[in-house]
Amino acid sequence: MNYSDEKITEGHIFYSFNDEDTYLENLISYILSGLENHQIILVIENMKVLPKLKEKLNVLLTKEKLTYVRMVNNFDYYLSNGDFNTTTIVNHFESDLSALKNRNLPIRTWAHVEWYTSEPDAELLNDFETIADEFVLQKNTLSVCAYPSERLTSELSILLRQAHKYFMTDNNFSLSSLYNRTSS
C-alpha cells in the first residue's frame with residue numbers, strides 16, 4: 001500500500017508492520033505527502049532505519065525541502081529513562097514540536113515505537129496512547145504510531161486499535177473498528 005493513496009489530513013494511525021522495506025516505502029510516502037500538503041514532518045525513528053531514510057530522502061528531496069523534515073532518534077523518546085517512561089516521551093515530543101512551531105505550518109508526525117522488554121506494560125502503553133490521541137484530536141494533526149507486528153501480543157494489538165482512529169498494515173488502511181474515544 002502506498003500511504004499517499006489515503007487522503008486523510010488528520011487523525012491518529014496505528015501501523016502494525018511486518019516488512020521493513022514496505023515500512024520504509026510507506027514512511028517515505030507519508031513524508032512526501034506531508035510536504036505536498038505544506039506540512040512539517042517530525043519522524044521519530046530508530047538508528048537502524050534513520051540512515052536508510054536519510055539516504056533515500058537525500059536523493060528525492062532538495063536541501064530546502066529536507067529542512068521541513070525533522071528526524072530524531074527514538075531511543076531518546078522510548079528508552080533513555082527506562083522502559084517507556086511516559087513523562088520522558090511527552091517532554092521530548094513537546095521539545096521537538098516547539099522547535100518546529102516557529103515555521104507556522106501544520107505538523108504531522110511518525111513514530112516508530114519500541115521498548116526494551118519482551119512486552120511493554122499494557123497500562124503504560126495505554127496511558128501514552130491515550131495522551132497521544134488527545135493531542136492529535138486537540139491539534140487537528142496527523143500522527144502515525146508504528147509498531148513491529150512480531151512484538152505485539154493480541155492484547156496489545158487490540159489496545160492499540162482502541163486508541164487509534166485508523167488502523168494500517170503494510171498493505172491496508174482503514175478506520176479502526178475498535179476505536180474507543182470516550183472523552184471529548
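**A helix pair and its surroundings**

Modeller: The axes of α6 and α7 come within 9 Å of each other and cross at roughly 15°. Axes here are lines fitted to C-alpha atoms, for helices over the stretch in contact, and angles run from 0 to 180 degrees between N-to-C directions. Helices (H or I, at least four residues) and strands (E, at least two) are DSSP runs, numbered from the N terminus. The model is a predicted one, in which local features need pLDDT of at least 70 and side-chain atom pairs count only at pLDDT 80 or more, while totals for chains, interfaces and linings use all residues. Residues are numbered from 1 along each chain as its sequence is written, and side-chain values use heavy atoms, with hydrogens and water left out.

Two packed helices are described by the angle between their axes and the distance between the axes. α6 and α7 are therefore roughly parallel to each other; angles under 35 degrees count as roughly parallel, over 145 as roughly antiparallel, 65 to 115 as roughly perpendicular and the rest as oblique. The crossing of α6 and α7 is right-handed. A crossing is right-handed if the near helix is turned clockwise from the far one by less than a right angle, and left-handed if anticlockwise.

On the α6 side, Ala122, Leu125, Asn126, Glu129 and Asp133 take part, and they meet Glu155, Leu156, Leu159, Leu160 and Ala163 of α7. Contact means heavy atoms within 4.5 Å. By class, this contact of α6 with α7 has six nonpolar, one polar and three charged residues. Ala, Val, Leu, Ile, Met, Phe, Trp, Tyr, Cys and Pro count as nonpolar, Asp, Glu, Lys and Arg as charged, and the others, Gly among them, as polar.

Helix α7 covers residues 154–163, and Leu156, Leu159, Leu160 and Ala163 in it are buried. Seen down the axis of α7, these buried residues fall within an arc of 95°, so they line one face of the helix. The arc is that of the directions from the helix axis to the C-beta atoms. Buried means under 20% relative accessible area, exposed over 50%, and partly exposed in between (1.4 Å probe, protein chains only). The partners of the buried α7 residues are β1 (11–17), α6 (122–139) and β5 (142–148).

The loop between α6 and β5 holds Asn140. Although not a glycine, Asn140 has a positive phi of about 50°. Most residues other than glycine have a negative phi, and most peptide bonds are trans. At 48% relative accessibility, Asn140 counts as partly exposed.

Helix α1 (residues 20–36) packs with α2 at an angle of about 45°, and their axes are 11 Å apart. α1 and α2 are therefore oblique to each other. α1 passes α2 in a right-handed crossing. From α1, Glu20, Leu24, Leu27, Ile28, Ile31 and Leu32 meet Lys52, Leu53, Lys56, Leu57 and Leu60 of α2. The contact of α1 with α2 has eight nonpolar, no polar and three charged residues by class.

His38 is not a glycine, yet has a positive phi of about 60°. At 57% relative accessibility His38 counts as exposed, whereas Asn37 is partly exposed, with a relative accessible area of 39%. The C-alpha atoms of Asn37 and Thr9 are separated by 8.7 Å, and the two residues are 28 apart along the chain.

Met47, in the loop between β2 (40–45) and α2 (50–60), is 25 residues from Val72 along the chain, and their C-alpha atoms are separated by 9.1 Å. With a relative accessibility of 52%, Met47 counts as exposed. Asp96 lies in helix α5 (residues 86–101) and is buried, with a relative accessible area of 6%. The C-alpha atoms of Asp96 and Val72, 24 residues apart along the chain, are separated by 8.6 Å. Leaving aside neighbours within four places in sequence, Asp96 is in contact with Leu42, Arg70, Val72 and Tyr77.

As for the chain as a whole, there are seven helices and seven strands, in the order β-α-β-α-α-β-α-α-β-α-β-α-β-β along the sequence. Of its 184 residues, 47% count as buried. Among contacts with a separation of 6 or more, 77% are between residues 24 or more positions apart.
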